Structures are given as structure tokens and as C-alpha cells.
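Open the model in your viewer and keep the residue selection tool at hand. The stops below are given in the order in which to select them.

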Amino acid sequence: MAFIVKKKINGGEYYYLRESRRDNGKIRAITLAYLGKNKKKAEKKAREFLKNREKIKNEEINKENMTEEKKETIITKEKTKISIDELANFCKREGFIFRSSDIYGGFSGFWDFGSMGIELFNNIKKEWWNYFVHQKENMVGIDASIISHPRTWKASGHIANFNDVAVVCKKCKMATKIDKSEIGKVKCSCGGDYDVKGEFNLMFKTRVGALDAADAYLRGETAQGMFMDFRLVQQTSRKQLPFGIAQIGKCFRNEIAPRDFLFRSREFHIGEFEFFINPEEKKCVLLEDKHLNLKIKLLDAETQIEGKTELKSTTIGNMLKENRLEEWHAYWLAEQVLWFNSIGLTEIKIREHKKEELAHYSSATFDLDYEYSFGSLEIGGIANRGQYDLTQHAKESGEKMEIFDEKYKNKLIPKVIEPTFGMERVFLAVLTKAYNFDEKRQNIILKIPAKLAPVKAAVFPIIKGEEYERISEDIVKDLRKEWNIAYDKSGSLGRRYARNDEIGTPICITVDEDSLKDKSVTIRWRDNAEQVKVKIENLREIIRSVINGEDLFKFGKRVNTRKKD
Ligand SMILES: [Zn+2]
């Protein structure tokens with residue numbers, strides 16, 4: 001029998017769904033789900049959870065006749081599921097994300113990274129930069145200004161075409177945006193008809209200067225900076241075609257109805273690169289078996305035209321054979337998926353754009369969706385932009401945008417493949433993937449890859465006394481030369497562990513009497529709470545290895561320290 005319990009933690013109230021089970025003749029209560037902080041919502045969530053569990057149980061019965069894929073979906077369903085509201089609450093409670101201007105009631109569409117959030121976000125950006133810029137022979141990075149010459153946006157078409165249609169539902173009064181092509185065709189989710197309020201440009205306008213003030217815009221995408229700097233970068237970095245320019249930066253869109261936490265905000269980060277290729281260069285020399293054999297889930301254009309949403313299991317190599325994209329496009333699509341996989345995000349789906357969705361200059365575009373616990377949402381994309389942008393800037397500025405290609409001995413305007421990443425969406429994917437409620441420990445454990453963890457290690461003296469604090473502080477001081485390290489000398493050991501489990505700290509280091517005797521400490525691994533004994537002098541090397549994905553338990557003997565705290 002399932003029931004709801006209320007717990008008080010640090011002055012806040014939290015609701016959990018629990019259930020009594022008979023275990024070896026004893027009755028034991030276990031936690032089924034975290035239900036949030038609101039009693040009414042908790043009751044609703046509990047009903048949904050139990051209904052969903054019933055459904056899964058029924059599916060279980062038929063498991064025998066099931067395909068591999070269906071089994072996989074069931075496994076994901078059994079994992080701790082977090083809703084978008086719970087995620088927002090969790091992010092606030094643990095210092096990942098706050099509403100902007102919270103003391104004024106927030107400001108719609110704007111968010112702040114808290115002390116934990118910025119560490120995680122910086123680590124994600126670092127991993128991205130490392131993978132796509134430092135590890136690639138033919139890529140360089142830039143950081144262009146957020147405000148650029150207003151003619152930029154005339155050339156790019158953003159002033160004329162970057163519009164949404166604002167509508168308000170006649171029935172439920174909810175305001176939202178739709179595409180121009182959807183006017184008269186779509187209805188609100190409540191079934192009501194839309195009242196069309198007009199077309200609005202998404203660019204944020206601002207004034208530059210005081211006396212001769214001119215209208216300018218905050219950039220709506222980072223791409224234009226790379227196009228405008230294209231020749232300067234090529235000359236100064238001495239790159240030959242094919243090569244790319246990468247950037248991670250803030251973008252601004254004056255969304256009509258920002259919603260869904262960080263998913264539709266007015267200020268956000270895009271990570272993207274423009275990869276320039278001679279149009280004659282059909283072969284991609286970088287394509288390897290790991291790209292061609294990469295397994296992906298694809299929703300192709302034909303399936304969508306039939307009105308279906310079934311995903312096909314295929315490979316990048318098959319997509320090439322089916323002429324869905326060109327070799328360079330295939331290479332970068334594979335690289336995107338490989339990067340997502342490298343930070344633990346394996347639930348990527350690819351959606352091919354239908355012919356009518358393509359921008360007039362593009363020959364192929366794909367969306368990359370991530371299977372969040374609250375639904376499948378876009379996390380990135382990859383477009384073939386052809387020669388469009390460079391040609392537009394050549395026309396608008398009167399500058400030549402051609403470069404000389406040594407290999408083909410001709411002057412040309414390159415064509416462009418553009419992989420894009422919604423960086424906040426990557427951040428949320430990492431969090432939802434890592435989020436776990438541990439039944440045994442009755443605590444959230446954020447199983448984040450160690451290389452992305454906001455805090456790499458926490459140090460706790462567990463015996464009171466100056467000498468233990470001194471050893472602890474020396475360890476902290478040394479480790480802080482390389483990483484973000486937490487030091488916590490008070491409170492129950494259980495609470496100190498729990499706090500670090502919740503923010504995903506991979507290892508906790510405890511200083512005890514052995515630290516005085518033989519200069520050793522105990523390290524506890526977040527995911528299984530098991531411990532090893534190691535020498536203080538080896539700590540740096542061990543942490544470095546753990547961050548690189550190595551197993552902590554090869555560095556020392558497992559110890560059983562069920563100490564009382
Ligand atoms: Zn409505």
C-alpha cells in the first residue's frame with residue numbers, strides 16, 4: 001500500500017511517496033518517488049506515478065515478446081523520473097539556477113546561474129571547447145561582440161524574416177507564438193481558437209551612443225560573427241580549406257511567451273561552429289569507421305510526411321548511402337553525437353527536416369533531440385548553409401568574401417556546415433540524466449560524470465581537534481591549486497555526505513586518526529558509498545584519474561567504515 005509522507009529538511013517541507021513491503025517476514029517502508037514541496041501537486045504526482053507503474057507492470061507481462069528497443073524504454077521508465085517543475089526546484093534548492101531578479105519577483109525569460117550551476121556550466125563549455133577546438137586540427141575559436149553593425153542583421157535576413165506570430169487563446173487566454181505558416185491551421189492545446197495579435201521581430205533592439213545614437217541589436221545567433229570574421233581568421237590563423245571557426249556565446253531572442261524553465265528563455269548560450277569547405281571537395285577525409293558505424297535513431301522525412309513519428313535504428317553510413325546528406329555533413333553530425341556520448345548523453349534522436357521546412361539556401365538540416373525525463377526536446381541541430389551567408393555579406397558590405405584554395409588553385413566562396421548546440425539544454429540534459437533518488441540512502445544522488453562535477457572533492461575532518469583541521473586544510477589548499485574543492489568541518493558526517501551527493505561531488509575525503517598516524521585518508525565514492533584508504537601524497541593523482549573516468553577502487557583497499565556520526 002502506497003502512502004504520502006512529509007519530511008522537514010533544513011526548514012523546507014518535502015513530500016515523498018512511500019510503500020510498505022513484506023521483506024523476509026518483516027514489514028519495511030521504502031520510498032517510491034520524490035513528490036516536490038507542494039501538498040496538492042504531490043497528491044496529483046502520486047496518482048500519476050501509481051498509474052504509470054500499473055501501466056509498466058502490464059507491459060512487463062508482455063516483455064517476452066518484445067523488441068530490444070521497447071525493453072530499453074521500459075528500463076528508462078524505471079529510472080527516477082524528474083518533471084520540469086521538480087528540476088527547476090532542484091536547481092534552485094542546490095544553487096544551480098535562480099530566477100533572474102528574484103527579489104523583484106523574477107523577470108520572465110531570464111535566469112541566473114548559481115554557485116554550483118556556473119561550475120557545471122563552465123565544465124560543459126570546457127569539454128565542448130576541448131573536443132571541438134583543441135582536439136581538432138582544422139578548427140579555431142573566436143569570441144565576437146554581442147552587438148555588431150546593424151547592417152549585419154540586414155544582410156543575414158534577421159530584420160526582415162526573424163519573426164514570430166503572437167496569438168492568444170480565445171478560450172484559456174494563454175499567450176504563445178506560432179509560425180506564420182500555422183495561422184488558421186493550429187489550435188491551442190485546450191481546443192480553443194487563436195486570436196492573432198500580429199507579427200513580432202525577435203531581435204532585441206537597443207540604442208548605441210548618446211549624441212548620434214543609432215539603433216542596434218543584440219545578436220540573435222552567434223553565427224554572423226564567424227561569417228564576418230571569416231577572412232581575418234583565415235589569414236591570421238593560416239588555415240587552409242577546409243577549416244572551421246567555433247564560438248560559445250550569449251544570444252538574445254525577444255520571445256513572445258518564454259516558458260518551460262531554461263528551454264525557452266530570452267537570453268541563452270549557443271555553442272556552434274561554421275565549417276568552411278570548397279564546394280568541389282565532396283570527399284571527407286576525416287570520415288572513419290567510428291563515424292560510419294555510429295548507431296543512431298532517426299526520424300526521417302518520409303515517415304513524417306506519412307504523419308508518423310516512428311524512429312528508425314540506422315547508422316550514419318546508411319544515411320550517406322540513402323543520400324540524406326553529404327560526407328562533410330555526415331562527419332560533423334557523427335561528431336556531434338560522439339561528443340554528446342562523451343559526456344554521458346546517449347539518448348540522442350535525430351530528426352530530418354522535410355523539404356518544405358528547409359531554408360531556401362539549405363540542402364539538408366537535422367534536429368538533434370534529447371530524451372529528457374519530461375519529454376523529447378531539441379538540444380542541437382546541424383544545417384548545410386551552403387554559400388548563403390558569405391554571399392549575403394559580400395553583397396551588403398561590398399567586400400570580397402572569396403579566398404584562394406591552394407589545393408584546387410581557385411578563388412571561391414566556401415560552403416558551410418553549421419553544427420549548433422543549445423548550451424543550457426545540454427546543461428539540463430546532464431542534470432536530468434544524473435538525477436537519481438536513492439532508496440537506501442533516502443537521498444538524491446547526482447550521478448554526474450566526474451569531469452563535469454561542480455565540486456571535484458569534499459574534505460571532512462571527522463574528529464574534533466586542531467591537528468585534524470590542520471591536516472584537512474593543508475589537503476584542501478593543495479587540491480585547490482587544480483580544482484574546485486569543498487571543505488566542511490562541522491555537522492553530522494551523514495549530512496555532509498548527503499549534501500555532496502546531491503550536488504554530484506564524486507569523492508569525499510575524510511581525515512581521521514590514521515591521517516595523524518600514517519598520513520592516510522579515506523575516500524568515499526559517491527555512486528556506491530564504498531570507501532578506500534589511500535595516502536595523502538597520492539590524492540592529486542587519484543583525483544586526476546577519477547576525473548578521467550578511471551575506477552577509484554584500483555587505488556587502494558576497500559575499507560568497511562560504518563562509523564557512527
Ligand atoms: Zn487555450
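**First stop: Phe 261**

Select Phe 261, which is partly exposed because 17 other C-beta atoms lie within 10 Å. A residue is buried if 20 or more other C-beta atoms lie within 10 Å of its own, exposed if 12 or fewer, and partly exposed in between, with C-beta atoms placed from the backbone. Phe 261 sits in the loop between β12 and β13 (267-277). Its phi is near 55°, a positive value in a residue other than glycine.

Before moving on, note how to read the model. Residues are numbered from 1 along each chain as its sequence is written. The model is predicted: local features need pLDDT of at least 70, side-chain atom pairs count only at pLDDT 80 or more, and totals for chains, interfaces and linings use all residues. Helices (H or I, at least four residues) and strands (E, at least two) are DSSP runs, numbered from the N terminus.

**The whole chain**

The C-alpha atoms fill a box of roughly 75 × 60 × 60 Å along the principal axes. Buried residues make up 32% of the 565 residues.

**Strand β12 and its surroundings**

Select β12 (243-252). Eight of its 10 residues are buried, so the strand is mostly covered. Which strands does β12 pair with? Strand β6 (residues 139-141) runs parallel to β12 and is joined to it by three bridges, with Met 139 opposite Gly 244. Strand β13 runs antiparallel to β12 and is joined to it by 10 bridges; there, Gln 247 has Glu 272 as its bridge partner. Two strands pair if DSSP finds at least two bridges between them.

Now step back to Pro 242, in the loop between α8 (230-237) and β12. The peptide bond from Leu 241 to Pro 242 is cis, with omega near -5°. In helix α8, select Gln 235. Is Gln 235 buried or exposed? Gln 235 is exposed, with 10 other C-beta atoms within 10 Å.

**Two crossing helices**

Select helix α4 (residues 115-134) and helix α14 (residues 423-434), whose axes come within 10 Å and cross at roughly 110°. That makes α4 roughly perpendicular to α14, a word used for angles of 65 to 115 degrees; angles under 35 count as roughly parallel, over 145 as roughly antiparallel, and the rest as oblique. Axes are lines fitted to C-alpha atoms, for helices over the stretch in contact, and angles run from 0 to 180 degrees between N-to-C directions.

Show side chains here. Leu 120, Phe 121, Ile 124 and Lys 125 in α4 meet Met 423, Val 426, Phe 427 and Val 430 in α14. Two residues are in contact if their C-beta atoms, placed from the backbone, lie within 7 Å.

**The six-stranded sheet**

Go on to the open sheet of six strands, in the order β25-β24-β26-β27-β28-β29, with mixed pairing. β25 (485-487) and β29 (557-559) stand at the edges with a single partner strand each, so one side of each is left without a neighbour in the sheet. Neighbouring strands are turned by 30° against each other on average, direction ignored. Helix α16 (residues 493-502) packs on the sheet and touches β24 (457-461), β25, β26 (507-511) and β27; its direction makes about 175° with that of β24.

Select β26 and β27, an antiparallel pair joined by four bridges. Ile 509 has Ile 523 in β27 as its bridge partner.

**Last stop: the hairpin**

Strand β27 (residues 520-525) also pairs with β28 (residues 531-535), in the antiparallel sense over five bridges. Ser 520 has Lys 535 as its bridge partner, and Arg 524 stands opposite Gln 531. This hairpin has five residues between the strands, and Ala 529 takes a positive phi near 60°. Ala 529 counts as partly exposed, with 15 C-beta neighbours inside 10 Å.
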